[in-house]
Amino acid sequence: MERQLRAGELTCPSCRAALAPWGHGRPREVRGDLGSRLFVRPRRSRCIGCGVTHVLLPEMLWPRRMDVAEVIGAGLEIAALGMGHRRVAAHLGLAEDTVRGWFRRFRRRSEDVRRYFTVALVALADDPVMPAPTACPLADAVSVITAAHRAAVIKWPQMNTVSRWAFAGRVIDGRVLTCASSAS
């Protein structure tokens, strides 16, 4: 990302002009797998066209979340199997309110996410195999994210090193749990 930013290859989501380096965001602590704590200091950028500044998060982080994408994704995958937020929270060692918030936000976004990744799956796969629908929109969205990631790995084998949840965040600009208007 740093190389792309310095080369002017990253564009403003508002006006599509190039982004330029503009310092760093505030340092923050995030929760990783198995209760680990990570400290990140996100890069800031400024649009050379409209002058708006943006915080550039690493792929492992989603906007407005204290947990890495892998932890949130693991919770969503377990929920897709039918487990409730209390049991998922206990399994992940997190507060029930945190996990319930993920599920509520993802359920609100699940149809948009499912549609977005269905289009991505069709674009990525030569012969896309659509996941079978379930009675649960959350499970449908999780399964199509998994299928789109699998198609990306088949198309670009180096993508196998990118987790499906970091991939999901990258593809949808971090908006797995947030609306388009709050992604920048």
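**Close-up views of a predicted model**

**View 1. The hairpin of β2 and β3.** In the hairpin that β2 and β3 form, five residues lie between the strands, and Leu34 among the residues of this hairpin takes a positive phi near 55°. The model is predicted, so that local features need pLDDT of at least 70 and side-chain atom pairs count only at pLDDT 80 or more, whereas totals for chains, interfaces and linings use all residues. Residues are numbered from 1 along each chain as its sequence is written, and side-chain values use heavy atoms, with hydrogens and water left out. Strands β2 (residues 28–31) and β3 (residues 37–40) run antiparallel and are joined by four bridges, and Arg31 has Arg37 as its bridge partner in β3. Strands pair if DSSP finds at least two bridges between them; strands (E, at least two residues) and helices (H or I, at least four) are DSSP runs, numbered from the N terminus.

**View 2. Val30 in strand β2.** Val30 counts as buried because its relative accessibility is 1%, where buried means under 20% relative accessible area (1.4 Å probe, protein chains only). Leaving aside residues up to four places away in sequence, Val30 touches residues including Leu38, Val40, Leu61 and Val68, a contact being heavy atoms within 4.5 Å. Val30 and Val68 are 38 residues apart in sequence, with their C-alpha atoms 6.7 Å apart in space.

**View 3. Helix α2 and its surroundings.** The buried residues of α2 (residues 69–80) include Val71, Ile72, Leu76 and Ile78, and among the elements covering the buried residues are β2, α4 (96–124) and α5 (137–155). After α2 comes Gly82, with a positive phi near 110°.

Methods: Buried means under 20% relative accessible area, exposed over 50%, partly exposed in between (1.4 Å probe, protein chains only). The expected span of a helix is 1.5 Å times one less than its number of residues.
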